[in-house]
Amino acid sequence: MKFYNKWPFHIGVILFSIVADQLTKLWALARFTNETGAPNHDFINVIGEFVRFQLVFNKGAAFSSRPQDLMPFLPPWLFFLLISVVATVVLLWFYKSIDKRDWMSRLGVVMILGGAVGNFIDRMRLGMVVDFIDCDLPDFIMTRFPTFNVADSFVTVGVAIVILSPVVLKKLHKQIKEEKEIEKQKLADSKAPEANQESQVSDATEPKD
């Protein structure tokens with residue numbers, strides 16, 4: 001097994017994504033806030049108007065929805081804590097269920113997990129997520145893409161890798177599927193004699209007319 005498909009490397013990816021995310025957010029807060037901590041509305045053009053850095057605080061959940069609207073009986077910090085715990089458990093379960101030969105899917109999951117942890121730290125530390133990467137899009141799609149951060153980038157790339165894995169590793173996924181079908185058939189065949197034996201016992205014990 002290659003080094004990039006082993007758990008020490010995956011833990012390294014998670015730690016790198018968290019550190020990179022938090023360091024860039026600390027820089028954004030230092031660069032784009034005033035003395036009161038509010039955004040100073042300044043921006044830096046990175047690639048002209050196409051990519052620029054500009055601070056935005058996201059106090060909502062996915063798609064800017066508010067925790068108060070989804071679960072008004074929970075305080076926001078508890079809402080995000082529960083969501084993060086559930087998401088982490090699901091991702092770890094998914095990671096464990098992936099065949100060890102499918103290195104792309106495993107890598108994608110750990111990238112998603114690292115990004116999710118990065119944004120979770122923001123919500124617990126600040127009560128909101130720090131976004132600062134602003135990209136332009138063709139006007140027929142939308143004026144500008146929603147501002148995001150490094151953690152969001154890891155999540156997006158991770159999802160893309162998981163989706164592309166069956167395409168890039170087509171032969172491997174086909175082989176894994178065939179092996180699962182063979183195992184399922186073997187299991188069914190092993191249970192068949194037991195079922196027949198139980199049926200015979202049941203027939204023998206039934207009262208005759």
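User: Where is the place of Met 128 in the chain?

Analyst: Met 128 sits in the loop between H4 and E3; helices (H or I, at least four residues) and strands (E, at least two) are DSSP runs, numbered from the N terminus. This is a predicted model, in which local features need pLDDT of at least 70, side-chain atom pairs count only at pLDDT 80 or more, and totals for chains, interfaces and linings use all residues. Residues are numbered from 1 along each chain as its sequence is written, and side-chain values use heavy atoms, with hydrogens and water left out.

User: Does Met 128 count as buried or exposed?

Analyst: Met 128 counts as buried, because its relative accessibility is 16%. Buried means under 20% relative accessible area, exposed over 50%, and partly exposed in between (1.4 Å probe, protein chains only).

User: Which residues is Met 128 in contact with, leaving aside its neighbours within four places in sequence?

Analyst: They are Phe 57, Asn 58, Lys 59, Asp 122 and Arg 123, where contact means heavy atoms within 4.5 Å.

User: Turning to the whole chain, what pattern does it follow?

Analyst: Along the sequence the pattern is α-β-β-α-α-α-β-α-α, with six helices and three strands. Of the 209 residues, 31% are buried. Among contacts with a separation of 6 or more, 61% are between residues 24 or more positions apart.

User: At what angle do H1 and H4 pack?

Analyst: Helix H1 (residues 7-32) and helix H4 (residues 103-126) pack at about 35°, and their axes are 8 Å apart. Axes are lines fitted to C-alpha atoms, for helices over the stretch in contact, and angles run from 0 to 180 degrees between N-to-C directions. The contact of H1 with H4 comprises 13 nonpolar, seven polar and five charged residues. Here Ala, Val, Leu, Ile, Met, Phe, Trp, Tyr, Cys and Pro count as nonpolar, Asp, Glu, Lys and Arg as charged, and the others, Gly among them, as polar.

User: And how do the axes of H1 and H5 cross?

Analyst: The axes of H1 and H5 cross at roughly 145° and come within 8 Å. Phe 16, Ser 17, Ala 20, Asp 21, Thr 24 and Lys 25 of H1 meet Val 150, Ala 151 and Phe 154 of H5. By class, this contact has five nonpolar, two polar and two charged residues.

User: Which residues have the most contacts inside the largest nonpolar core?

Analyst: Ala 28, Leu 55, Val 110 and Met 111 do, in a core of 29 residues. A nonpolar core is a set of buried Ala, Val, Leu, Ile, Met, Phe, Trp, Tyr and Cys residues joined through side-chain atoms within 4.5 Å. H4 gives the largest share of this core, seven residues. Not counting residues up to four places away in sequence, Val 110 touches His 10, Val 13, Ile 14 and Tyr 95.

User: What about Val 90: where is its place?

Analyst: Val 90 is in helix H3. Val 90 is classed as partly exposed because its relative accessible area is 47%. The C-alpha atoms of Val 90 and Leu 113 are separated by 10.0 Å, and the two are 23 residues apart along the chain.

User: Finally, which residue has a positive phi although it is not a glycine?

Analyst: That is His 41, with a phi of about 65°. His 41 lies in the loop between H1 and strand E1 (44-47), and it is exposed, with a relative accessible area of 71%.
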